[in-house]
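Please look at the sequence and the model together, and then follow the points below by topic.

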Amino acid sequence: MENDILFRKLSFNEAADFRQWARDEYSENYVPGQIMPTQPGIYHPVVNEQIEYINEKARAASRCLHRIKQDLNTGRPDELMAFLMDCELIDLKRLARGDFDK
(Lines give C-alpha, C1' and ligand atoms only; values in the text may rest on other atoms or scores of the structure.)
Protein backbone atom coordinates (compact mmCIF):
# COMPACT_ATOMS: atom_id res chain seq x y z
CA MET A 1 0.00 0.00 0.00
CA GLU A 2 1.10 3.54 -0.63
CA ASN A 3 2.57 5.76 2.02
CA ASP A 4 -0.58 7.09 3.68
CA ILE A 5 1.43 9.73 5.57
CA LEU A 6 1.58 11.85 2.40
CA PHE A 7 -2.21 12.04 2.20
CA ARG A 8 -4.78 13.34 4.62
CA LYS A 9 -7.35 11.04 6.21
CA LEU A 10 -10.68 11.33 4.44
CA SER A 11 -14.13 11.35 5.98
CA PHE A 12 -16.58 8.71 4.79
CA ASN A 13 -18.26 11.20 2.45
CA GLU A 14 -14.94 12.48 1.09
CA ALA A 15 -13.80 8.93 0.38
CA ALA A 16 -17.07 8.29 -1.47
CA ASP A 17 -16.49 11.46 -3.51
CA PHE A 18 -12.93 10.37 -4.36
CA ARG A 19 -14.18 6.94 -5.46
CA GLN A 20 -16.84 8.58 -7.58
CA TRP A 21 -14.18 10.77 -9.17
CA ALA A 22 -12.23 7.65 -10.18
CA ARG A 23 -15.39 6.08 -11.67
CA ASP A 24 -16.21 9.29 -13.55
CA GLU A 25 -12.64 9.58 -14.82
CA TYR A 26 -12.83 6.01 -16.12
CA SER A 27 -16.20 6.45 -17.81
CA GLU A 28 -15.16 9.72 -19.47
CA ASN A 29 -11.69 8.74 -20.68
CA TYR A 30 -11.60 4.96 -21.07
CA VAL A 31 -13.64 2.30 -22.84
CA PRO A 32 -14.98 -0.71 -20.91
CA GLY A 33 -12.24 -3.30 -20.66
CA GLN A 34 -9.41 -0.77 -20.93
CA ILE A 35 -7.00 -0.56 -18.00
CA MET A 36 -6.72 2.77 -16.16
CA PRO A 37 -3.27 3.37 -14.64
CA THR A 38 -2.93 4.03 -10.94
CA GLN A 39 -0.80 6.97 -9.84
CA PRO A 40 0.84 6.07 -6.50
CA GLY A 41 2.09 9.17 -4.75
CA ILE A 42 -0.07 11.39 -6.95
CA TYR A 43 -3.62 10.09 -6.52
CA HIS A 44 -4.95 9.59 -3.01
CA PRO A 45 -4.79 5.93 -1.90
CA VAL A 46 -8.61 5.78 -1.95
CA VAL A 47 -8.56 6.75 -5.63
CA ASN A 48 -5.89 4.17 -6.44
CA GLU A 49 -7.86 1.47 -4.61
CA GLN A 50 -10.94 2.33 -6.67
CA ILE A 51 -8.87 2.29 -9.87
CA GLU A 52 -7.53 -1.16 -8.97
CA TYR A 53 -11.12 -2.33 -8.41
CA ILE A 54 -12.19 -0.84 -11.75
CA ASN A 55 -9.22 -2.51 -13.47
CA GLU A 56 -10.14 -5.87 -11.91
CA LYS A 57 -13.65 -5.51 -13.35
CA ALA A 58 -12.22 -4.29 -16.68
CA ARG A 59 -10.02 -7.39 -16.94
CA ALA A 60 -13.03 -9.61 -16.15
CA ALA A 61 -15.11 -7.80 -18.79
CA SER A 62 -12.30 -8.22 -21.31
CA ARG A 63 -12.12 -11.96 -20.60
CA CYS A 64 -15.90 -12.27 -20.99
CA LEU A 65 -15.91 -10.39 -24.27
CA HIS A 66 -12.98 -12.43 -25.57
CA ARG A 67 -14.80 -15.66 -24.68
CA ILE A 68 -18.02 -14.48 -26.34
CA LYS A 69 -16.16 -13.47 -29.52
CA GLN A 70 -14.26 -16.77 -29.54
CA ASP A 71 -17.43 -18.83 -29.19
CA LEU A 72 -19.24 -16.82 -31.86
CA ASN A 73 -16.31 -17.11 -34.27
CA THR A 74 -15.96 -20.86 -33.79
CA GLY A 75 -19.69 -21.48 -34.16
CA ARG A 76 -20.15 -22.99 -30.70
CA PRO A 77 -23.29 -21.19 -29.47
CA ASP A 78 -24.06 -23.98 -26.98
CA GLU A 79 -20.82 -23.29 -25.10
CA LEU A 80 -21.54 -19.57 -25.21
CA MET A 81 -25.02 -20.10 -23.81
CA ALA A 82 -23.67 -22.29 -21.00
CA PHE A 83 -21.07 -19.63 -20.18
CA LEU A 84 -23.68 -16.86 -20.10
CA MET A 85 -26.02 -18.96 -17.96
CA ASP A 86 -23.26 -19.23 -15.35
CA CYS A 87 -23.07 -15.42 -15.15
CA GLU A 88 -25.28 -13.52 -12.77
CA LEU A 89 -27.85 -11.39 -14.61
CA ILE A 90 -26.91 -8.35 -12.55
CA ASP A 91 -23.25 -8.79 -13.58
CA LEU A 92 -24.21 -8.99 -17.25
CA LYS A 93 -26.28 -5.81 -16.94
CA ARG A 94 -23.42 -4.01 -15.20
CA LEU A 95 -20.98 -5.25 -17.85
CA ALA A 96 -23.22 -3.95 -20.62
CA ARG A 97 -23.41 -0.53 -18.95
CA GLY A 98 -19.69 -0.42 -18.15
CA ASP A 99 -20.71 -0.01 -14.51
CA PHE A 100 -17.81 -0.83 -12.21
CA ASP A 101 -19.16 0.65 -8.97
CA LYS A 102 -17.91 -0.94 -5.80
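The buried residues of helix α1 pack against helix α2, where buried means under 20% relative accessible area, exposed over 50% and partly exposed in between, with a 1.4 Å probe and protein chains only, and where contact means heavy atoms within 4.5 Å. The model is predicted, and for that reason local features need pLDDT of at least 70 and side-chain atom pairs count only at pLDDT 80 or more, while totals for chains, interfaces and linings use all residues. Residues are numbered from 1 along each chain as its sequence is written, and side-chain values use heavy atoms, with hydrogens and water left out.

**The chain as a whole**

- The secondary structure comes to four helices and zero strands, with helices (H or I, at least four residues) and strands (E, at least two) taken as DSSP runs and numbered from the N terminus.
- Along the sequence, the elements follow the pattern α-α-α-α.
- Of the 102 residues in the chain, 25% are buried.
- Among contacts with a separation of 6 or more, 59% are between residues 24 or more positions apart.

- Helix α1 has 18 residues and reaches 26 Å from its first C-alpha to its last, close to the 26 Å expected at 1.5 Å a residue, the expected span being 1.5 Å times one less than the number of residues.
- The buried residues of α1 are A15, A22, R23 and Y26, and seen down the helix axis they fall within an arc of 95°, so they line one face of the helix; the arc is that of the directions from the helix axis to the C-beta atoms.
- On the other side of α1, the residues N13, D17, S27 and E28 are exposed.

**The largest nonpolar core**

- Seven residues, A22, Y26, M36, V47, I51, I54 and A58, make up the largest nonpolar core, a term for a set of buried Ala, Val, Leu, Ile, Met, Phe, Trp, Tyr and Cys residues joined through side-chain atoms within 4.5 Å.
- The elements that give two or more residues to this core are α1 (12–29) and α2 (45–74), and the largest share, four residues, comes from α2.
- A22, which is found in helix α1, is buried with a relative accessible area of 0%.
- Leaving aside neighbours within four places in sequence, A22 is in contact with M36, V47, Q50, I51 and I54; A22 and I51 are 29 residues apart in sequence and 6.3 Å apart in space, C-alpha to C-alpha.

**Aromatic pairs**

- There are two aromatic pairs, counted when rings of Phe, Tyr and Trp (its six-membered ring) have centres within 6.5 Å, with planes under 30 degrees apart called stacked, over 60 edge-to-face and the rest tilted.
- The rings of W21 and Y43 have centres 5.3 Å apart and planes at 70°, so this pair is edge-to-face, and the pair links distant parts of the chain, with W21 in helix α1 and Y43 in the loop between α1 and α2, 22 residues apart.
- W21 is partly exposed at 37% relative accessibility, and Y43 is partly exposed at 22%.
- Y26 and Y30 form a stacked pair, 5.5 Å centre to centre with 15° between the planes, and Y26 is buried at 3% relative accessible area.

- N48 has its place in helix α2 and is buried, with a relative accessible area of 0%.
- A polar atom of the N48 side chain lies 3.3 Å from the backbone oxygen of Y43.

Terms used:
A polar contact is a pair of N or O atoms within 3.5 Å; within protein, one must be able to donate a hydrogen and the other to accept it, and residues adjacent in sequence count only if both atoms are side-chain atoms.
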